[in-house]
Amino acid sequence: MNVEDLKQHIRNIPDFPRPGIMFRDISTLLLEPEAVKTVLDALEDHFKDLDATKIAGIESRGFIFAAALADRMNLGLVLIRKSGKLPGDVHEESYDLEYGTDTLELHKDAIGESDNVILIDDLLATSGTMSAAVRLIEDAGGAVGGIGVVVELDALGGREALDDYNLYSLIHY
């Protein structure tokens with residue numbers, strides 16, 4: 001299977017979570033081991049020469065791909081979670097959503113000044129979540145060497161906010 005074949009494994013759910021939204025559901029892709037392998041192969045190939053020190057995954061579906069990629073690349077895994085889910089001292093970053101605000105957190109000891117981080121999530125839309133995750137990593141002293149997403153919703157313009165980063169998307173809508 002190649003990257004171009006991945007789109008056939010994404011389920012489209014109209015009017016979810018509200019009218020007018022076309023939800024791109026990756027749970028059907030996750031049911032297909034060959035599709036998951038194709039995603040991981042593509043991400044690993046794209047980022048293999050980056051000299052990364054850690055992989056960070058954004059809650060929750062980003063954890064799936066980040067954990068597997070960290071294992072393949074023999075790198076530590078950093079969890080970026082929604083507010084209130086990490087014990088201990090955390091860095092926090094709030095960001096705007098279409099319907100309010102949210103906050104992401106990162107353990108203060110998860111990333112250091114010498115870390116070059118690959119940031120992974122399942123989907124890029126407006127870049128609100130991804131931009132907040134980038135700020136968390138940079139505020140912790142790390143550098144974001146690359147960003148990988150399975151799906152990018154091109155019309156929502158998230159890529160423009162991340163122009164300074166090595167952004168790699170496998171599937172475009």
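How many residues does helix α2 have, and how far does the helix reach from its first C-alpha to its last? In this predicted model, helix α2 spans residues 33-47 and has 15 residues. Its reach is 21 Å, close to the 21 Å expected at 1.5 Å a residue.

Helix α2 contributes a set of buried side chains. A35, V36, T38, V39, L40, A42, L43 and F47 are buried in this helix. These buried residues pack against two helices, α1 (27-30) and α3 (61-73). They also pack against strands β7 (116-124), β8 (143-152) and β9 (167-172).

The protein chain as a whole comes to 4 helices and 9 strands. Along the sequence, the elements follow the pattern β-β-α-α-β-α-β-β-β-β-α-β-β. The radius of gyration is 15 Å, close to the 16 Å that the globule rule gives for 173 residues, so the chain is as compact as a globular protein of that length. The C-alpha atoms fill a box of roughly 40 × 35 × 30 Å along the principal axes. Of the 173 residues, 46% count as buried. Among contacts with a separation of 6 or more, 58% are between residues 24 or more positions apart.

Charged pairs were examined next. Side chains of opposite charge can pair when their charged atoms come close. The structure holds 11 salt bridges. One of them joins D25 and R11, with the closest N and O atoms 2.8 Å apart. D25 lies in strand β2 and R11 in strand β1, so this pair ties together parts that are 14 residues apart in sequence. D25 counts as buried, at 11% relative accessibility. R11 is partly exposed, with a relative accessible area of 40%.

A salt bridge also links D41 and R72, where the closest N and O atoms are 2.7 Å apart. D41 belongs to helix α2 and R72 to helix α3, so the pair ties together parts that are 31 residues apart in sequence. D41 counts as partly exposed, at 31% relative accessibility. R72 is partly exposed as well, with a relative accessible area of 30%. Both residues take part in a network of salt bridges that links K37, D41, E44 and R72.

R135 and E93 form a further salt bridge, with the closest N and O atoms 2.7 Å apart. R135 lies in helix α4 (residues 128-139) and E93 in strand β5 (residues 90-97), so the pair ties together parts that are 42 residues apart in sequence. R135 is partly exposed, with a relative accessible area of 31%. E93 is buried, with a relative accessible area of 14%.

R24 presents another case. This residue sits in strand β2 (residues 22-25). R24 is buried yet has no salt bridge. The nearest side chain of opposite charge, D154, is 9.6 Å away. A polar contact of 2.6 Å instead joins the side chains of R24 and N12. Residues up to four places away in sequence aside, R24 touches I10, R11, N12, L123, L153 and Y173.

H9 lies in the segment before β1 (11-14). H9 counts as buried because its relative accessibility is 15%, and buried means under 20%. Its neighbours within four places in sequence aside, H9 is in contact with M1, D25, T28, L29, E32 and A35. Of these contacts, D25 is the salt-bridge partner of R11, and A35 is one of the buried residues of helix α2.

Technical notes. Residues are numbered from 1 along each chain as its sequence is written. This is a predicted model: local features need pLDDT of at least 70, side-chain atom pairs count only at pLDDT 80 or more; totals for chains, interfaces and linings use all residues. Side-chain values use heavy atoms; hydrogens and water are left out. The expected span of a helix is 1.5 Å times one less than its number of residues. Buried means under 20% relative accessible area, exposed over 50%, partly exposed in between (1.4 Å probe, protein chains only). Contact means heavy atoms within 4.5 Å. Lys and Arg count as positive and Asp and Glu as negative; His and the chain ends are not counted. A salt bridge is a side-chain nitrogen of Lys or Arg within 4 Å of a carboxyl oxygen of Asp or Glu. A polar contact is a pair of N or O atoms within 3.5 Å; within protein, one must be able to donate a hydrogen and the other to accept it, and residues adjacent in sequence count only if both atoms are side-chain atoms. The radius of gyration is taken over C-alpha atoms; the globule rule is 2.2 Å times the number of residues to the power 0.38.
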